[in-house]
Amino acid sequence: MFEKVCKILSEFTETKAEEMTMETLLLSDLDMDSLDTVNAVVRFEDEFNIEVPDRVIYDFRTIGDIVNYLMKKSKG
Amino acid sequence: MKNKDYPLYDVKRITTLKELIDFRAKESPNTAAFAWTKSGERIEKTYKELKSEIEALGVALEKRGVVNTKVAILGENSYYWILSFFAVVYSSSAAVPIDKELSTESIINLIKDSGCTHLIFSDTYSDIADSICKSMEIYAVNMKDIPSLILEGQASIDGGTNNRSNKNISQDTLAAIIYTSGTTGISKGVMLSHGNLALDTCSACSNCKFYGDTLLLLPLHHSFGLVAGVFVTMVYGYTIYINTSLKNISKDLLAAKPQSLFLVPLFVETLYKNVWTTAEKSGKAGALKFLIKLSNFLLKCGIDLRRKLFKSVINGFGGNLDTIISGGAPLSEKYIKGFREFGINLLNGYGITECSPVVSVNRNNYYKDGSVGQVLNECTVKIDSKDDSGIGEVCVKGSIVMQGYYGMKEATEEALADSWFHTGDIGYLDSDGFLFITGRKKNLIILSNGENVAPEELESLFDRVPLVKEVVVYESNHRIVAEIYPDKQYAEDTKIDSTTDSLNKSVSEINKKLPKFKQISSVIIRDKEFEKTTTKKIKRNTVGGNNNV
């Protein structure tokens, strides 16, 4: 899951997937603005066949937030 | 049509929001006022249905005490959000739109500060609504109950009950309290009357004409989103397609086929960059660049083929887009020129919530790049305390100026000193009446020699330095400092060995063109981007000059 998330995020940022960690910040470290994050979430929805409500997107601060949410969602 | 002055567009002068609804329901009853997609299906509400539902919901809310009071509205953009807003203001009450991205604590403080007795919330935010209800006495209505409230209200109307309080709505009736986010200082509740909002809307329409439907992308709790995104299109009687999730922007553009869009620079920049990203991915970037050169050449010869040459680009926006209005923050001229090259007229405007919010906008066929346009006919702008270049504080007077800050007498008196609203923005009017904004008064750098420098003016000079991604200029120890967040990707792509050396060289070039007192003394390079407000403006009070890096 973590690797897949990083690979998708690397499409929206200059940072390489292998340089990302669970603590990497989307805004400060990856330079992803709110619209970049929304676009990445659309890719997650396609990749993992789930739906992420808009409100949850605003709470994503780190890659770990995304991974934990997706893992929780896929278990549920 | 040539870029030259021409008479204002003829627009009916509407003085209340109630009149706006009544007028449109009478003139275009069967035109869709709003449309949106739900579970893959397009849903529409005509202007006639809109009015009928506003009245029915208004009666149901009045039964629950919504009479001459204040009602907070919390939720994502939706038809029910808009319906709630109109039902509240149609019942002589004031709506208090809430920024849903604020923390629960901030939302509670804001609702307490505004003196709201009622809250209308979307189910998405029911947890916040619960916290609000636990911390204060307030009557809460979930938007998912609106259909049953409409039925209840309609039954009352059919039984002879009507909105009792809305007969007293006048131009001066308070319609909304909109909280300003502000890059510094505390939030202030800006009191806007029916007249403020309705007249600003009509006046903006006199400057700028819109044809066809729009897609609502801006958040409704912002005055620009509400006035430009909703009221302006209603004046013309077109359809407002509601984007209910930013995830669906591309799909909604294709579904709505908007002819006009009202955006903030973040959206403008993203849409523009998407054009190029798509072109690069499909290997057509080179061809696109060639077509732009060809088109620009043909334009010089008086041949305009842009809508044909860039049909595929325009189709990405639904196929009809010809006008974009940008406001809310400064916009780089690069995007204005870029969209114009595709045949889409991007017009920059200027506004401030305290002025309902639009003060000026470039006109469809009379515009100047770098300017925020011609001042609306409902207000007068004067430049206060001008310097030798005619630059000073932009002050506004007229029917669009707010009633005051809610519960803040001193702040109101200060802002409305000598009956002019002092915007705190620095700018000038040129000989053709175009307004130019050069900076913010409260960010002014006042040097020890008494000279004043607007940091934004210096920051704009970095627009032409591609290595600079973000920059904030401030004063430190009587020196002007430029703190820069460099574009690492650009440095990598162009194989720049030393970012520091390259930036210092650029600053030297900039300094050569500046008078001595404006020159930048030192450069600080930062690893992380600047902290932003929820409206994506850099929080200046957290940057170097304020000792909080």
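**View 1. A hairpin pairing and its turn in chain B.** Y428(B) finds its bridge partner in β20(B), namely F436(B). Helices (H or I, at least four residues) and strands (E, at least two) are DSSP runs, numbered from the N terminus. β19(B) and β20, which covers residues 435-440 of chain B, run antiparallel and are joined by five bridges. Two strands are called paired if DSSP finds at least two bridges between them. Five residues lie between the strands of this hairpin, and G433(B) takes a positive phi near 85°. A word on what you are looking at: this is a predicted model, in which local features need pLDDT of at least 70 and side-chain atom pairs count only at pLDDT 80 or more, while totals for chains, interfaces and linings use all residues. Residues are numbered from 1 along each chain as its sequence is written, and chains are lettered from A and ligands numbered from 1 in the order in which they are written.

View 2. Stepping back, we meet an open sheet of four strands in chain B, with antiparallel pairing and the order β16-β17-β19-β20. The edges belong to β16 (379-384) and β20 of chain B; each has a single partner strand, so one side of each is left without a neighbour in the sheet. On average, neighbouring strands here are turned by 50° against each other, direction ignored; the strand axes are lines fitted to C-alpha atoms. Further inside the order, β17 (residues 392-398) and β19 (residues 421-429) of chain B run antiparallel and share four bridges. Look here for V396(B), whose bridge partner in β19(B) is F421(B), and for E393(B), which stands opposite I426(B) of β19(B).

**View 3. The nonpolar cores.** A nonpolar core is a set of buried Ala, Val, Leu, Ile, Met, Phe, Trp, Tyr and Cys residues joined through C-beta atoms within 7 Å. The largest one has 150 residues, and L57(B), I73(B), F86(B), A95(B) and V359(B) touch the most other members. Helix α3(B) gives the largest share of this core, eleven residues. Apart from it lies another core, of 20 residues, including I391(B), I445(B), V473(B) and I484(B). Back at V359(B), contacts beyond four places in sequence include V375(B), V381(B) and V396(B); a contact requires C-beta atoms, placed from the backbone, within 7 Å.

View 4. L83(B) sits in helix α3 of chain B, residues 79-90. With 22 other C-beta atoms within 10 Å, L83(B) is buried (buried means 20 or more such atoms, exposed 12 or fewer, partly exposed in between, with C-beta atoms placed from the backbone). Leaving aside residues up to four places away in sequence, L83(B) touches E53(B), I54(B), L57(B) and I146(B).

View 5. Chain A has four helices and zero strands. Its C-alpha trace spans about 30 × 20 × 20 Å along the principal axes, and 24% of its 76 residues count as buried. Where the chains touch, chain B contributes 13 residues and chain A twelve residues. On the chain B side, α10 (265-281) and α17 (488-493) are the elements that give two or more residues. By class, that side has two nonpolar, four polar and seven charged residues; Ala, Val, Leu, Ile, Met, Phe, Trp, Tyr, Cys and Pro count as nonpolar, Asp, Glu, Lys and Arg as charged, and the others, Gly among them, as polar.

How values were computed: Two residues are in contact if their C-beta atoms, placed from the backbone, lie within 7 Å. Axes are lines fitted to C-alpha atoms, for helices over the stretch in contact, and angles run from 0 to 180 degrees between N-to-C directions.
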